[in-house]
Each structure stands twice: as C-alpha cells, then as structure tokens.
Amino acid sequence: MTSLADGKDTTMTEITEQRTAGIVARYVAVWSEPLPESRRAAIAGLWAPDGAEFVEGTRFRGHEELRARIAGAYEEFVASGRYAVTAADAVARHDDIVTFTIQLTAPDGEVAWAARVFLLLGADGLILEDYQLTVKPLAG
C-alpha cells in the first residue's frame, strides 16, 4: 500500500488508473487548447521530445511537428465551434499501452468522427508513439 498526500491508502493499480485517466484527459484537452503557449506546454507534458503520432498514413515526429498538427486540427475543427473534442468511456491500459476512443462531437451531441487511440508510453509516462485509427470517418 502507498499513502497519498491526503492520507488515503491506495494500491498501485489505483494509482495507475488515476495516471491513465489523467493522460487521457490531458490528451483530449490538448486538441481543444486555443492558446499556442498553453498548447506548447501541454504537448511537452504529454509527448517525449521525439514522440510521434501516426494518423492516416502520416507521421508527425517531435514537438514542432506535433504542435503544427494539433494547431491545424484545432483551427479546422474546434475554433469555429463546429465540434468539441471528447473521449468515449472506453479507456484501457496494459503496462505501457493506453487505448481509448477520441471523438469530434457536434453541438447537438452527434459524434461526427471517431478514432481509436493507442499510446505507447515511456518509463517517464510520456508518449513515445501515438496511433489514431479512424473508426468513424468524418462525412464528406
């Protein structure tokens, strides 16, 4: 058992679940961050410096490429208010792999796009590899 600052005893499993939930929440939030400097800090806190995202046959490696990718997605989908970035309740973790579903949700609640995300984490908890596999394509 490990004692947390609040005095509550908890197991490593509970800490892992808490860390996993935090990683997913921060990952989802970075796609909606309007301020470039806040987005930059969020990316540095999530991905390893040479971390990579793979999506639709394209690789984005390192913080600079990730910043450009995420800023472009924010401008295209979120800044207009057309969509919010959300996560479905399907989070799982096994050792250094976290998986969940990320979505673009319209103001009426309809899911317009969804992808299954697979994150490979380093020992420091930062993302080494991030795979987005589209499960519901955006209507053309």
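1. How many residues lie between S3 and S4 in the hairpin that they form, and which residue in the turn has a positive phi? The structure discussed here is a predicted model. In this model, 2 residues separate S3 from S4 in the hairpin. Glutamate 56, in the turn, has the positive phi, at about 50°.

2. Strand S3 covers residues 47-55 and strand S4 covers residues 58-61. The two run antiparallel and are joined by 4 bridges. Opposite valine 55 stands threonine 58, which belongs to S4.

3. The next points concern charged side chains. Side chains of opposite charge can pair when their charged atoms come close. A search of the whole structure gives 4 salt bridges. Three of them are considered in turn below.

4. Arginine 40 and glutamate 64 form a salt bridge through their side chains, with an N to O distance of 3.7 Å. This pair links distant parts of the chain, since arginine 40 is in helix H2 (residues 36-46) and glutamate 64 is in helix H3 (residues 62-78), 24 residues apart. Arginine 40 is partly exposed, with a relative accessible area of 34%. Glutamate 64 has a relative accessible area of 53% and is therefore classed as exposed, the cut-off being over 50%.

5. Glutamate 64 also meets the side chain of arginine 67 in a salt bridge, at 2.0 Å from N to O. Here both residues lie in helix H3; they are 3 residues apart, about one turn of the helix. Arginine 67 counts as buried because its relative accessibility is 14%, and buried means under 20%.

6. These contacts belong to a wider arrangement. A network of salt bridges links Glu37, Arg40, Glu64 and Arg67.

Conventions
Residues numbered from 1 in each chain as written. Predicted model: local features only at pLDDT ≥ 70, side-chain atom pairs only at ≥ 80, totals over all residues. Heavy atoms only, no water. Pairing = 2+ DSSP bridges. Buried < 20%, exposed > 50% of the residue type's maximum accessible area, 1.4 Å probe, protein only.
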